[in-house]
Amino acid sequence: MSHKITVEKVAKSRIGEIDFTNLPFGKYFSDHMFVADYYDGDWHDAKIIPFGDFTLHPATSAIHYGQALFEGMKAELDPDGNPIVFRPLKNWNRLNISATRLAMPTIPEDLFMNALDKLITLDRQWIPSEPLSSLYIRPFMFATEKYVGIRVAEHYKFAIFTCPVGAYYTKPVKVFVSEKYVRAAPGGVGYAKAAGNYGAAMMPTQEAQKMGFDQLLWLDGIHHKYFQEIGTMNIFFVIDGVLVTPGLDQGTILDGVTRDSVIRLAEDEGYIVQERDVSVDEVINAYHEGKLEDMFGCGTAAVLSHIGAFHYKGEDYELPNWEEREISNKLKKRLTAIKSGKAEDIFGWNHTVPVGVYVNQ
Ligand SMILES: Cc1ncc(COP(=O)(O)O)c(C=O)c1O
């Protein structure tokens, strides 16, 4: 079924209020948002409207029972000024994987892509052109059924808003390896971008931040021995010239779009990449042998962020100066250039928003 999207434009843009040379992450919201409602087994009332509040019934089931998920991707302007979105179909696919795990409805590809194209076309002035800045795109879905009682909801809202953003981390991050708390376990929801995963990580992350760390580095939920991911990023190690990153086979970590991009770029550059279990012992041994050359996180918001140090069982392990880390800097440079249309997109990752998308309804 095709889904018609109606458009109601803002009477007056707020863009003049934004200082594009100083963009904190996630604080400013573009003029419009996309919204659609699910009922009677399909998506209805798809529309782009002025960005604004939702009103919620107190029994809105997502608030009580957690059927809520989100996605995150970015748009930039290519050197000719055309808006490009990085790998949106991978985010669309992951959104539907998350939705399926949470017994929520999936979003048809045409609805997702049309909504994206129209929204970006309408708010294209909000795409920053300053270095390291981009338009962050936040699709999300939640159960809207007005019902108390635990069962799969029949009503949902899907929405997309966008935010002009600057860099997420501005210096190498210090991470705390959590021995006490667990983010995910096999059979759980670790691979889904479920809102609840982030709620559950708040308190452990806050504890680490009170101790002076930026983020948690999670270990596996069974052995508390194998690295998983960082709160906001997938993790990579460079051990003796080889890139190592935890595998997706247990279903406990997010299948990051940036992770996949880094793997494919690294292989294209001729590096060996291993997706496998990587234990704390292995990394600490490599550290003592002088073979731990690099650790970095990667994600849409943070792109590729070097780890400055990690903390485990009372010890701080300092990593080499980030500027001297050849592999990750090379990959970061190439990824950043591809995302902004400045390097050849050999994998066909960028989606160019088609010129002339009809938004005048
Ligand atoms: C827990 C977690 N892991 C990894 C990532 C990186 O995923 P992606 O590269 O798709 O943004 C994110 C951010 O989205 C995240 O929240």
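The ligand site and beyond

Author: Start with Thr-300: a polar atom of its side chain sits 2.7 Å from an oxygen atom of the ligand. Lys-193 does likewise, with a polar side-chain atom 2.7 Å from a ligand oxygen. Glu-229 goes for a nitrogen atom of the ligand instead, with a polar side-chain atom at 2.6 Å. Polar contact here stands for a pair of N or O atoms within 3.5 Å; inside the protein, one of them must be able to donate a hydrogen and the other to accept it, and residues adjacent in sequence count only if both atoms are side-chain atoms. On its own the ligand would expose 380 Å², and the protein buries 95% of that; such areas come from the Shrake-Rupley method with a 1.4 Å probe, and for residues only the protein chains shown count as cover.

Two notes before we move on. This is a predicted model, so local features need pLDDT of at least 70 and side-chain atom pairs count only at pLDDT 80 or more, while totals for chains, interfaces and linings use all residues. Residues are numbered from 1 along each chain as its sequence is written, and side-chain values use heavy atoms, with hydrogens and water left out.

Now for the helix α6, residues 280-288, where Val-280, Val-283, Ile-284 and Ala-286 are buried. Helices (H or I, at least four residues) and strands (E, at least two) are DSSP runs numbered from the N terminus. Buried means under 20% relative accessible area, exposed over 50% and partly exposed in between, using a 1.4 Å probe and protein chains only. Looking down the axis of α6, the buried residues fall within an arc of 160 degrees, so they line one face of the helix. That arc is taken from the directions from the helix axis to the C-beta atoms. What do those residues pack against? Their partners are β10 (215-219), β11 (227-230), β12 (233-239), β15 (292-299), β16 (303-312) and β17 (315-318), where contact means heavy atoms within 4.5 Å. Just after α6, Gly-290 takes a positive phi of about 75 degrees.

From strand β15, pick Met-295. Met-295 counts as buried because its relative accessibility is 0%. Skipping neighbours within four places in sequence, Met-295 is in contact with residues including Leu-217, Ile-235, Phe-237, His-306, Ile-307 and Arg-325.

Time to look at the cores. The largest nonpolar core has 56 residues, and those with the most contacts inside it are Phe-34, Trp-43, Ile-107, Phe-112, Met-141 and Phe-158. Such a core is a set of buried Ala, Val, Leu, Ile, Met, Phe, Trp, Tyr and Cys residues joined through side-chain atoms within 4.5 Å. Among the elements giving two or more residues to this core are β2 (32-39), β3 (42-50), α2 (88-101), α3 (109-122) and β8 (156-165). The most comes from α3, with eight residues. Apart from this core lies another, of 27 residues, with Val-280, Ile-284, Leu-292 and Met-295 among them.

Beyond its neighbours within four places in sequence, Asn-329 is in contact with His-306, Trp-322, Glu-323 and Glu-324, and its side chain reaches the backbone oxygen of Trp-322 at 2.8 Å.

Further along, Asn-350 sits in strand β18 (350-352). A polar atom of its side chain lies 2.8 Å from the backbone oxygen of Ile-338. Asn-350 and Pro-88 are 262 residues apart in sequence and 8.1 Å apart in space, C-alpha to C-alpha. With a relative accessibility of 17%, Asn-350 counts as buried.

In the loop between α2 and α3 sits Ala-103, whose phi is near 55 degrees, a positive value in a residue other than glycine. Asp-240, in the loop between β12 and β13 (242-245), also isn't a glycine, yet has a positive phi of about 50 degrees. Ala-103 counts as partly exposed at 37% relative accessibility, and Asp-240 does at 49%.
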